[in-house]
Amino acid sequence: IASSRACSAKLRVNDGEAESLVAHSLVEIELPNLPPVVDLNGEEQGVDHAVTLVEDLGPVHVGAPTMMVADEDNVTLVSATVTLTDMPDAPLEWLQVEPGETAISALYDDETGILQLTGEETVEAYQQVLRTLVYRNDSQDPNSATRSVTVQVSDGLAESDLATSTITVEPINDLPVLDLNGVEVAGHDYATVYLAIGVAEPIVDGGALFVGDVDDPQLYSATARITNVFDIGDEILGVSTAGTNIGAAYNSSTGTLTLTGLDSLDSYQQVLRTLTYQHLAVPPEQIPNTTPRRIEVTVNDGEANSLVAQSLVEIELPNLPPEIDLNGQQPGTGYATVLPWGHTSVPIAANVATCTDVDHLTLAWMSIVIANPLDGAAEWLSADTTGTSITDSFDPSSHTLTLSGEDSVANFERVL
């Protein structure tokens, strides 16, 4: 490269007898402007670069950490143009830089994919900013097509050659989502109370349960499992699959309901919204184990299960009425006796009469009525409540003896 300085020449002519006066010619040497250079690969061979973006792992730098910007005959640059040439996921994919404290301004056009940097600044400042250049993609179902990002800088007179970064996009399967209580309620579990009367009852929010998958429109299967089956053979999980391609099979030994069949998210949501629990044991003939049941539910997109959603089912027994047996262990529950001539009172229950309640330890009251008082006011009922919290009151108009006051079933039995 020639020196960029002035040269001079002295000229004179001679006619054979005399020389002319000296004439001077001053020649200034001006170098052509050399274009700036962008090297995205930094210290590696070539000026291009390649990088991979993995879904959900954040943005990737377009150039190597040592990417370089240079200009042999200028200390400043005036602009840079960065172009994302393929944008199948726009506007969820874009380019971004951090100008920091430089005089460089950045403007990105998400329709054209062009990031424009402007402002006269040093070559080092443009290099600093371009080293922060990243490609972002926030799609949860990104297109796997290869992207190209080209970078070009300008010193105001000439532009650099294009340097290209090739970006490979690697989608990751997102787990399907199952929310038993709907997206508008915190958490994804559900809790309910099952009244043990032998019928099937919903164990999810049938109007709000949500099934979703951001990168798969269909599911392959779903599973609902009672994790703590106590009454094998009596506990059943069920759904309605009407109008879908989904099949249902229940294993009563393991308490597992399996749904299979490739079908839409909406179809699986429809079916799971009908999920029920049923216990075939009906009190008082059979008393189910009342330990709360934990039912775990998942859906599968063919590659992965959703997180487990749990339905907690409290088992509640129906209130069973107390029972009175006036003759104890003898057949039947009635009692017969005789009031001897000359006696004014007689027990109307055997001394082995029983009063029981399978689901309560206490009673609130007891009523005893003379159904046919033939001698009117001459007939009455009484009881000994000594040592109890029970009070007795006889109404002669209705010939009713009322024992009242919450007390143990045993004390009511003793008073009876």
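User: Happy to look at this one with you! Which residues count as nonpolar, and how many of the residues lining the largest pocket are nonpolar?

Analyst: Ala, Val, Leu, Ile, Met, Phe, Trp, Tyr, Cys and Pro count as nonpolar, Asp, Glu, Lys and Arg as charged, and the others, Gly among them, as polar. In this predicted model, the lining of the largest pocket has seven polar and four charged residues. The nonpolar residues of that lining number 22.

User: Thanks! What is the volume of the largest pocket, and which residues lie nearest its centre?

Analyst: Gladly. The volume of the largest pocket is about 1100 Å³. Its lining is made up of 33 residues. Nearest the centre lie Val-346, Pro-347, Ile-348, Trp-380 and Leu-381.

User: Which element gives the most to that lining of the largest pocket?

Analyst: Three residues of the lining come from the element that gives the most. That element is strand 27.

User: Nice. What is the volume of the second largest pocket, and which residues are the closest to its centre?

Analyst: The second largest pocket has a volume of about 200 Å³. It is lined by 15 residues. The closest to the centre are Pro-322, Asp-357, Leu-363, Ala-364 and Trp-365.

User: And which element provides the largest share of the lining of the second largest pocket?

Analyst: Two elements give two or more residues to this lining, strand 25 (323–325) and strand 27. The largest share is six residues, and it comes from strand 27.

User: Last one: how many residues lining the second largest pocket are charged?

Analyst: Here the lining divides into eight nonpolar and four polar residues, plus the charged ones. The charged residues number three.

Note on methods. Residues are numbered from 1 along each chain as its sequence is written. This is a predicted model: local features need pLDDT of at least 70, side-chain atom pairs count only at pLDDT 80 or more; totals for chains, interfaces and linings use all residues. Side-chain values use heavy atoms; hydrogens and water are left out. On a 1 Å grid over the protein atoms alone, a cavity is a set of points where a 1.4 Å probe fits but cannot get out, and a pocket is an open set with protein on both sides within 12 Å along at least five of seven lines; lining residues have an atom within 4 Å of a point. Grid points are joined across faces, edges and corners, and a volume is the space filled by probe spheres set on the points. Helices (H or I, at least four residues) and strands (E, at least two) are DSSP runs, numbered from the N terminus.
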